[in-house]
Amino acid sequence: MTTQRFICVHGHFYQPPRESAWLEAIEAQPSAYPYHDWNERVDDECYAPNTQSRVLNGDGAIADLVNNYAHVSFDMGPTLLSWMERHAPGAYAAILEADRESRRRFSGHGAAIAQAYNHIIMPLATRRDRVTQVVWGIRDFSARFGRDPEGMWLPEAAVENETLAILADHGIRFVILAPRQAQRVRSLDSLLWLDVGESTVDPKQPYRVWLPGGQQITAFFYDGPASQAVAFENLLLTGERFAERLLNGFDRDNPRPQLMHIATDGETYGHHHRFGDMALAYMLRYVQQRGLAKLTVYGEYLDHHPPTHEAQVRENTSWSCSHGIERWRSDCGCKDGGHPTWHQRWRRPLRDALDWLRDQIAPAYEAQAATLLRESWAARDAYVDVVVRRDEASLTRFLRYHAGHVLTDGERSRVLRLLEMQRHAMLMFASDAWFFDDLARVEPVQAMRHAARVIELARDELGLDLEDGFLRELADAASNDPRHGDARQIYERMVRPETVDLPRAAAHYAISKAMGLLTTEPSFYTYAVDQADAVTAASGPVRLMSGTARLRSTLTAEQRTYNFGVLHDGRLGIHCGVRPSDERNSIGLRSEGDALMTAFEAGYDAALSALRLRFGNGLYRIDAVFPDERAVLVERLAAGAMTSDLSDGKSPLRTLGVPLAPNLQPIGALALNARAHALLREPDIDAEAFRSVVAQAALWGVRFDQEGLAHALSKHIAALLERLRTAPLDTDALSSALNCARLAWQLGWPVRLWRPQNTYWLLSREPLAEQENHAASGDRVAAQWAHDFRSLGRALHMR
């Protein structure tokens, strides 16, 4: 009977903490181009499409849009959800709504389960860190989904009994494991154990796991071959093929309830396999509409079909390393396969160095925090409530409960710095640092950046100088690529230059303000500008700005006022001086500023000398600007300095009608690409001006950034369609969308249109019919709207 057949698809959605350890923002990642970073890319290819996945009719047109998350089981890492809340709010809201919808569908049980906070390998962590990872994972989940989680995904499914006991102690009912992680099973009414392995454990039922402390938890061992086929064997080419593979997993001769369930990386559905989200949506509908099985989630199935068997797990095992958990501490042979001859001997010293650093700070943190907090480690467990919200109300509640006494402003900042040190001491253990082929990859470097932040805070707050010791522990680690060298060279080149303190933040602010880069005052990244004052002077392209600014860290509450001066030579030269301000001597500050302005009147060289006299010779240059803004500034300055003649509309070079000489082509490409990107940043794109730039690039024979420009145009069209969805009768939005869509059509570039196409389909269901009814009654405005809307559909390749 089909009512005894149940299907559950689990997706493990996760991205590591990619944010700067100082700025809490992801810097541009060139390997993800044309996207800003890999989070943005995977969101556009997977996370967002799964919130509105297409089901097509027989003609290949959209028949429905489905939120897959409401029909499957999933976990989504806190570090990913935190990023989505800020940068992909539409998809984030749809995922939360999917969980609410799933509770209505699955007898009150939600589709979402929790994940250990930042994906550390739990068996390799201290017990204290394991507890915090579970507590943070649960509390982050509850803050977002508005309920307690029933299950928890263990990073890389790495498991041992103590971790399971911690989960059970914190109310977690079940975990999902690979079949090879089952060691032996038996019926609850039998004394006889049966040894099992990957191919012999029955995955179609849940198993009770009794733990040494007397606790119990349920384990679901997923179907290994079917999961493997989805992830690596092109099973997602068609939804019907996907459905038949799952249905064939049932034992037709078994009358008892059977759960056919699989588990893969969630990114399988769209990122690893293009259109995988559509195959998933079609499979779910195919099974459900034909009554071939009942879709369920683990919590619902467990309530209706409690375990009849128990199992013992194979400890210190995982789903992605055939050697147990060695992939995260040794050269076991498991790697991503991109470089078959490369070794991973660097894994052990990286693990040892991070363990050493964690253990060095733990007793000192405990002692120092005890002078400020009621209980050091309980406060760390609760600190996640501040991390999730980062607002004054959350911090006030936290301190009201955990502070040992009424804290001064300085003590409050110390508490936050100590707790931030502990947060980074966990972030540095994210599993990705060991997963891939080489030490110089972004993931191990990210781990070392978190370690550098720990070292910095330990020096300032605990009086510990740990950097040399940390690098000694790393001494035996080296890249396979001789260009990168050993761990110390990687640290010196890729980690230390990224550190940010208050003076550098002040320099970034000053240069950005002087060069017109600041779009959101009074805050930037993890800093707030509580008060600022500046005066400027200009002589042709040369500019000077002098002023003061009070900067405050929004993470640690440390704050200070700085005097600054910025001198720009009109080309690529920028000098910036920063020093702490003597706020009590306002007259002196004004006179120093006046002296700078007086020197500027005498010329650039005099102004530079005055700047050095006031701030010393250690002036900041353009590299003090944070990476994303630095890239914009360098492009702008380079284009202005080198291409004024080429980009000037009056220049005779624009009318030569011949390709540029080879030595001028890089300059021409820089100028025209900068101009094209600037046009696409405008709220209303001047299509004719853009076509003119494209024509000029063809005339000059220069390389055009089609990929990057197509991506920018795609985002612009999607934003216009979203604006139209909010206000369907916004004729300006409709006209702009039509012009941009026609531009994309005419260019023939690889413009991704799935978002605007989906929005158009939603709009075509009601507003179009309504306007056509008005048009039939003689409403000319409605008739024009309907005409333009249908024209937009044709330009978007809609049927």
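Among contacts in the protein between residues at least 6 apart in sequence, 70% join residues at least 24 apart. The structure is a predicted model, with an average pLDDT of 93 over the protein. A score of at least 70 is reached by 96% of the residues. Residues 647-656 form a stretch in which pLDDT stays under 50; for this stretch the model has 13 contacts beyond four places in sequence.

The secondary structure comprises 30 helices and 19 strands. The C-alpha trace spans about 95 × 80 × 55 Å along its principal axes. The radius of gyration is 30 Å, which agrees with the value near 28 Å that a compact globule of 799 residues would have. Of the 799 residues, 57% count as buried.

Rolling a probe the size of a water molecule over the atoms shows where empty space is left. The count comes to 3 cavities of 30 Å³ or more.

The lining of the largest cavity consists of Val-9, Gly-11, Phe-13, Asn-50, Asn-68, Val-72, Tyr-269 and Leu-280. Strand 1, which covers residues 5-13, gives the most to this lining, with 3 residues. By class, 5 of the lining residues of the largest cavity are nonpolar and 3 are polar, with no charged residues.

The second largest cavity is lined by Met-76, Pro-78, Leu-81, Ile-113, Ala-114, Gln-115, Gly-137, Asp-140, Phe-141 and Phe-145. Two or more residues of this lining come from each of helix 2 (78-87), strand 5 (112-115) and helix 4 (127-145). Helix 4 gives the most, with 4 residues. The lining of the second largest cavity divides into 7 nonpolar residues, 2 polar residues and 1 charged residue.

Several local backbone features were also found. Most residues other than glycine have a negative phi, and most peptide bonds are trans. Tyr-33 and Pro-34, in contrast, are joined by a cis peptide bond with an omega of about 15 degrees. Pro-34 is in the loop between strand 1 and helix 1 (38-47).

Positive phi values occur at Asn-234 and at Arg-390, neither of which is a glycine. At Asn-234, phi is about 60 degrees. This residue is in the loop between helix 6 (224-232) and helix 7 (239-247), and Asn-234 counts as partly exposed because its relative accessibility is 42%. At Arg-390, phi is about 50 degrees. Arg-390 is in the loop between helix 12 (384-389) and helix 13 (392-402); with a relative accessible area of 30%, Arg-390 is likewise partly exposed.

Three further residues are buried, each having a relative accessible area below the 20% cut-off. Ser-431 lies in the loop between helix 14 (409-427) and helix 15 (432-435). The relative accessible area of Ser-431 is 1%, and Ser-431 is therefore classed as buried. Not counting residues up to four places away in sequence, Ser-431 touches His-119, Ile-121, Glu-156 and Trp-328.

Asp-223 is also a loop residue, placed between strand 11 (216-221) and helix 6. Asp-223 is buried, with a relative accessible area of 10%. Beyond residues up to four places away in sequence, the contacts of Asp-223 are with Pro-203, Met-260, His-261 and Ile-262. The C-alpha atom of Asp-223 is separated by 57 Å from that of Gly-516, the two residues being 293 residues apart along the chain.

Gln-771 is placed in helix 29, which covers residues 767-776. Gln-771 has a relative accessible area of 8% and is therefore buried. When residues up to four places away in sequence are not counted, Gln-771 touches Leu-729, Ala-782 and Trp-785.

Terms used:
Residues numbered from 1 in each chain as written. Predicted model: local features only at pLDDT ≥ 70, side-chain atom pairs only at ≥ 80, totals over all residues. Heavy atoms only, no water. 1 Å grid on protein atoms, 1.4 Å probe; cavity = no way out; pocket = protein on both sides within 12 Å on 5 of 7 lines; lining within 4 Å. Points joined across faces, edges and corners; volume = space filled by probe spheres on them. Nonpolar A, V, L, I, M, F, W, Y, C, P; charged D, E, K, R; others polar. pLDDT = per-residue confidence, 0-100. Contact = heavy atoms within 4.5 Å. Buried < 20%, exposed > 50% of the residue type's maximum accessible area, 1.4 Å probe, protein only. Rg over C-alpha atoms; globule rule 2.2 N^0.38 Å.
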